[in-house]
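Keep the structure open as you read.

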Amino acid sequence: MTGLFVFATYGLGCRLASPTAGLIGSWLVATSPALLMMAMAPMSDVPAAAAWAVALYFLFGPTQRSAALAGVAAAIAVAIRPNLVFGVPIMAAWYLRAMWGSDAVARRRTLGEGIVFCLGVAPGILFIAIFNAVMNGSPLRSGYGQIDAYFGVTHFWPNAWSYFTWLVESQTPLVLVGVAALLSPAPRIWSGARDRRA
């Protein structure tokens, strides 16, 4: 799964910008201290990250087949780590965003891709809902208890701060340069990007 994660990152970089961007991205993933540590642990972190990377690779693909594969990969990611189901609406929003400013033919094509994506991801969400209902008495109750105990609004800022400090501690403060670049759509920074919105 670690290899799949690195390979999918390379493909994603190639698809969004260039083979050089793919190589840089895959190298950064392959040398990440957090990934190297988790690659040796029998936990779901690396498989889930690999599935999300594959889903993102296909999300930015140009065909309905890509949209379907993005949905299936996202379904697998949700089945591995149900608490990350909130990534699905973010991915679905990409199709909505792609519809704005398009002509009628492109809007219909993108709408079709969005529908195919949703049909691909639905089995994973349905599987987890049925599993939770059978095993825990409710589709919204995991083996860890009620969802609102983990995803309440009151947890947002403490979790955001914890994730930020863990990111800087495990990846060095240099990672903030990458975060700043992600937040900047400047053509000079992203000169090779085919679509800076992505």
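## The fold as a whole

Among contacts in the protein between residues at least 6 apart in sequence, 63% join residues at least 24 apart. Please keep in mind that this is a predicted model. Its secondary structure comes to ten helices and two strands. Reading from the N terminus, the order of elements is α-α-α-α-α-α-α-β-β-α-α-α.

How much of the protein is buried? Of its 198 residues, 30% are buried. The protein exposes about 12,500 Å², and carbon and sulfur atoms supply 73% of that area.

Helix α6 covers residues 87-99, and its buried residues are V88, M91, W94, Y95, A98 and M99. Looking down the axis of α6, you would find these buried residues within an arc of 145°, so they line one face of the helix. The face turned away from that buried side carries the exposed residues P89, I90 and L96.

What covers the buried residues of α6? The cover includes α4, α5 (64-80) and α7 (104-136). Just after α6 comes G101, which takes a positive phi of about 75°.

## A51 in helix α4

One of the helices covering α6 is α4, and a residue to look at there is A51, in the stretch 45-59. Is A51 buried or exposed? A51 counts as buried because its relative accessibility is 6%, and the cut-off for buried is under 20%.

Leaving aside neighbours within four places in sequence, A51 is in contact with A73, I76, A77 and I80.

## Two salt bridges

Side chains of opposite charge can pair when their charged atoms come close. How many salt bridges does a search of the whole structure find? The search finds two.

One of them joins D45 and R81, with the closest N and O atoms 3.2 Å apart. This pair links distant parts of the chain: D45 belongs to helix α4, R81 sits in the loop between α5 and α6, and 36 residues separate them. D45 has a relative accessible area of 29%, so it is partly exposed.

R109 and E113 also form a salt bridge through their side chains, at 3.7 Å from N to O. Both residues are in helix α7, and because they are four residues apart there, about one helical turn separates them.

## A loop residue to check: T172

T172 is found in the loop between α9 (156-171) and α10 (175-183).

With a relative accessibility of 43%, T172 counts as partly exposed. When you select T172 in the viewer, then, you are looking at a partly exposed residue in a loop between two helices.

Technical notes. Residues are numbered from 1 along each chain as its sequence is written. This is a predicted model: local features need pLDDT of at least 70, side-chain atom pairs count only at pLDDT 80 or more; totals for chains, interfaces and linings use all residues. Side-chain values use heavy atoms; hydrogens and water are left out. Buried means under 20% relative accessible area, exposed over 50%, partly exposed in between (1.4 Å probe, protein chains only). Contact means heavy atoms within 4.5 Å. Accessible areas come from the Shrake-Rupley method with a 1.4 Å probe; for residues, only the protein chains shown count as cover. The arc is that of the directions from the helix axis to the C-beta atoms. A salt bridge is a side-chain nitrogen of Lys or Arg within 4 Å of a carboxyl oxygen of Asp or Glu.
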